[in-house]
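Dear colleague,

Please find below the structure that I am handing over to you. A summary of the findings follows it.

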Amino acid sequence: MFTVPNGLTLARLVMTPWVVKRLHDDPHTWPTAAVFAFSDLFDGMLARAGETRPRLARLGFRTSEFGRKADPLTDKVFTAAVVGAGMHNGVIPKPLGAASLAQKAAVSAVTLWNESHGAEIAVSTVGKRSEFATNMAYGVLFMATSLPPAPRRVVRPIATAAGVAGVAAASYAGYTYWRAGRVARQGS
């Protein structure tokens, strides 16, 4: 459990309330949230660095079961909090935010159900890309708060459409996780 990537993941989890409070109070603080969101890339890279470099693995740069569970949980907590803050201050359209939160809750429930029944389903490429698209759309919606009104009127509908497409694709990925878990449970 005590690895460098897990330390980064736990730091992100602990800092989430502070970052989201800033976004809630002032959407123009999006650069802080953007840096925070991109820090998610590093814990995975640091964890995998130990797989090819034994010296780094001895220093705590390695994967762990705790990290495999804690990193996606931290991502979901952060994203849900950002969506909530964005819905509160009008940056993220309420229907899109509500659909996104429902989709994330449903996929989390499917994952827990599958794992509690011994079916571990890997995240699909569609799942990863759709979450990325949705999160980027939210980032662009926050960035649009810093634009003058004319460009904002162009950027917001495009980012909203990308968010809707991301939520739809992530919902499909969630369905495929449910279906794969069902097949795995029936086969065992």
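Please note that this is a predicted model.

Overall architecture. The protein chain contains 8 helices and 0 strands, and its elements, read from the N terminus, follow the order α-α-α-α-α-α-α-α. Along the principal axes, the C-alpha atoms occupy a box of roughly 55 × 40 × 25 Å. Of the contacts between residues at least 6 apart in sequence, 76% link residues at least 24 apart.

Nonpolar patch. A nonpolar patch on the surface is formed by F38, L41, F42, M45, F132 and M136, whose accessible area together is about 610 Å². At least two residues of this patch come from each of helix 3 (40-52) and helix 7 (125-143). Helix 3 makes the greatest contribution, with 3 residues; L41 lies in this helix.

A buried asparagine. N114 is located in helix 6 (residues 94-116). Its relative accessibility is 2%, and N114 therefore counts as buried, the cut-off being under 20%. Apart from neighbours within four places in sequence, N114 contacts A119, I121, Y177, W178, G181, R182 and R185.

With kind regards

Conventions: Residues numbered from 1 in each chain as written. Predicted model: local features only at pLDDT ≥ 70, side-chain atom pairs only at ≥ 80, totals over all residues. Heavy atoms only, no water. Patch = residues over 30% accessible without salt bridge, like charges linked within 9 Å, V, L, I, M, F, W, Y side chains within 5 Å. Areas by Shrake-Rupley, 256 points an atom, 1.4 Å probe, with all protein chains shown as cover. Salt bridge = Lys/Arg side-chain N within 4 Å of Asp/Glu carboxyl O. Helix = DSSP H or I, 4+ residues; strand = E, 2+ residues; numbered from the N terminus. Buried < 20%, exposed > 50% of the residue type's maximum accessible area, 1.4 Å probe, protein only. Contact = heavy atoms within 4.5 Å.
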